[in-house]
Amino acid sequence: MKLQRHLPWLVVLGVFLVWEAAVRLFDVPPFILPRPTVFLEALWTWRAEIAVHSLQTFLTTVAGFGIAMVAGMALGVAIGSSAWLYRGVYTLLIGFNTIPKVALVPILVMWFGVGAVPAIITAFLISFFPIVVNVATGIATVEPELKDVLRALGARNRDILWFIGIPRSLPYYFASLKIAITFAFVGSIVSENVAANTGIGHLMTVASSRFEVPLAFAALFVIALMGVLMYVLTAMVEKRLTAWSVRGTHLAAG
Amino acid sequence: MAAFVDIKNVSLRYGPAAGGVLALDDVSLSFERGKFIAVVGPSGCGKSTLLKAIAGLWPTTSGSLRVGDEEVRGPLKIVGMAFQNATLLPWRNTLENVLLPLQVVETHRDHFRRNRRQHEERALALLESVGLADFAEKSVWELSGGMQQRAQLCRALIHEPSLLLLDEPFGALDAFTREELWVVLQRLWLEKKPTVVLVTHDLREALFLADGVHVMSARPGTFVAERRFAAPRPRPLEVIYDHGFVDVVHELRARIDEARSARGAPPRATVGAR
C-alpha cells in the first residue's frame with residue numbers, strides 16, 4: 001500500500017537510473033543524448049534563465065487553459081443542451097480540430113505579432129476542443145426519465161440544466177481538463193518555438209541552435225514537471241468536486 | 001363526484017401521421033380524485049405512453065385528456081413520478097434527493113432556502129416512514145435497490161402531489177422486496193390519498209394495491225377489460241393468497257392472453273415506447 005503511494009516517483013527515478021547507466025555504458029556523447037545528471041547540472045547552471053522562461057510559459061499556458069476552461073464549458077453546455085447546435089456546429093468543430101495548431105501559429109503571429117498572445121491563443125485552441133466535446137456529451141446523455149421527473153414538476157429547461165445537466169457533466173469536464181492541461185502546454189510551447197522571445201519553447205530553439213543539448217533537455221524536464229504539477233492540481237480539484245462519481249472508493253476510505 | 005382524470009377517445013402516434021407508430025388507440029378511462037388505478041397489459045402495449053400523456057410530457061394525437069377539469073396541453077406541475085430505474089442523483093445524498101422537487105416546484109422554489117429546516121424535517125419524517133431514517137445522509141451508491149425505490153417514492157411524494165404516476169416502480173426488485181414495498185406504498189397512499197396511476201406487469205401488485213385494474217391490449221393499446229378486488233384497506237399482504245384474490249388474478253391473466261392474441265400475432269418488436 002505504502003509502496004503504491006510512492007510508485008510514481010520511484011518509476012521516474014528508475015527510468016533516470018537506467019538512462020544514466022545506459023548512456024555511460026554505451027558512451028553516448030552528451031550532444032546526442034545527455035545523461036540525467038548532466039542535464040540536471042545544466043538545469044542548475046542555467047537556473048535563472050530557465051526560471052524566467054518557464055514562468056513565462058507557465059503563465060501563457062495557464063491563461064490559454066483558463067480561457068478554454070470557461071469557453072469550453074459554455075460552448076459544451078450550449079451544444080449539449082440544444083439538438084440544433086449539436087447537429088449544426090459539431091462538423092465545424094471537428095473540422096477545426098483537425099487543423100494542426102502549429103500551422104496556425106504563423107497566421108496568429110501575422111495578426112498579433114511575436115510574443116505571448118499567439119502562445120496563449122494556441123494553448124487555448126488546442127485545449128478547448130476536448131473540453132467542449134466532453135461537456136456536451138455529459139449534458140446530452142442525461143437519462144430521459146430524469147428529465148421527465150423534473151419536467152413533471154414544472155421544471156424549465158434551465159432547471160434541468162442546473163439540477164441535472166451540469167452536475168452530471170462535471171466528471172466529464174474534469175476528465176477533459178486533465179487531457180486539456182497537457183495539450184495547453186504543447187500549444188504554448190509550439191508557439192514559442194516558432195515565434196517568441198521568451199518562454200521555454202524559445203529557450204529550446206536557442207539551445208538546440210547552439211548545440212546546448214543538455215540545456216534543451218533541462219528545458220524538456222521542466223516542461224514535464226509543470227505538466228505533472230498542473231495535472232495533479234486538476235486531479236485534486238476533481239476529487240473534491242466529483243467524489244460521488246467514483247463509486248465505492250469513499251467506502252474503502254472509511 | 002366529477003372525474004379527476006378524464007381520458008376520452010385518446011389516440012397517440014409517435015412520428016409522422018403516416019407511417020409513425022400508433023401507441024394508443026381510442027383509449028377512454030376516467031376516475032375520481034383519490035383513486036388508485038392500475039394499468040396492466042402485454043409489454044410494449046403503450047402503458048408507459050399513457051402515463052406520459054397524462055403527465056403532459058407527450059402530446060396526444062386526438063381525443064380529449066383532462067386532469068382536474070383542465071385540458072392537458074403541456075407538462076402538469078402537480079405530478080409526482082417514479083420509474084423502474086430509481087433515477088436518483090448520485091451527487092446528492094438521500095435526503096437531498098428527496099428535497100429535489102421542493103427546489104423545482106413553483107410554489108416552493110422561491111422559499112426553499114428560507115424553509116429549508118421545515119422541508120428537511122418533512123423529508124426526514126417521510127424517509128423514516130419508509131424505514132430509511134438512518135440513510136438520510138448516505139450517498140445513493142450505499143442504498144440497495146429496494147432502498148433506492150423507497151427513496152424514489154419519497155421524492156415523488158414530498159411536494160404532496162395530487163397525482164402520482166408510477167411506471168413499474170418495483171419491476172427491477174426481487175419478489176420479497178417488492179411485496180414489502182406494496183405494503184409501504186399502500187400506507188403512503190392511505191395517508192394523503194393522492195390519485196395514483198400505477199403501470200405494472202405484475203398482476204398481483206396491481207390487484208393488491210388498486211381500486212380498479214385496467215387491462216390494455218397489445219399495441220396500439222386500448223382498454224379491453226377492468227377487474228376489481230373489493231377488500232377493506234389497509235389490506236394485509238396475506239390477502240394475495242385468498243381464493244377470491246387468486247381467482248381475479250387468473251381472470252386478469254386470461255384477459256391479457258386474449259389481449260395479446262386478439263390483435264393477431266404476438267406484439268411486433270418495433271421501436272420501444274418512449
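Q: Which conventions apply here?
A: In this predicted model, local features need pLDDT of at least 70 and side-chain atom pairs count only at pLDDT 80 or more, while totals for chains, interfaces and linings use all residues. Residues are numbered from 1 along each chain as its sequence is written, chains are lettered from A and ligands numbered from 1 in the order in which they are written, and side-chain values use heavy atoms, with hydrogens and water left out.

Q: How many cavities of 30 Å³ or more are there?
A: A cavity is a set of points, on a 1 Å grid over the protein atoms alone, where a 1.4 Å probe fits but cannot get out, and its lining residues have an atom within 4 Å of a point. The count here is one cavity of 30 Å³ or more, and the largest cavity holds about 40 Å³, a volume being the space filled by probe spheres set on the points.

Q: Which residues line the largest cavity?
A: Its lining includes A:Val149 and A:Leu153 together with B:Val79, B:Gly80 and B:Met81. The element β6(B) gives the most, with three residues.

Q: At what angle do α1 and α2 of chain A pack?
A: Axes are lines fitted to C-alpha atoms, for helices over the stretch in contact, and angles run from 0 to 180 degrees between N-to-C directions. Helix α1 (residues 2-26) and helix α2 (residues 36-45) of chain A pack at about 110 degrees, with their axes 8 Å apart. That makes α1(A) roughly perpendicular to α2(A), a term for angles of 65 to 115 degrees.

Notes. On a 1 Å grid over the protein atoms alone, a cavity is a set of points where a 1.4 Å probe fits but cannot get out, and a pocket is an open set with protein on both sides within 12 Å along at least five of seven lines; lining residues have an atom within 4 Å of a point. Helices (H or I, at least four residues) and strands (E, at least two) are DSSP runs, numbered from the N terminus. Angles under 35 degrees count as roughly parallel, over 145 as roughly antiparallel, 65 to 115 as roughly perpendicular and the rest as oblique.
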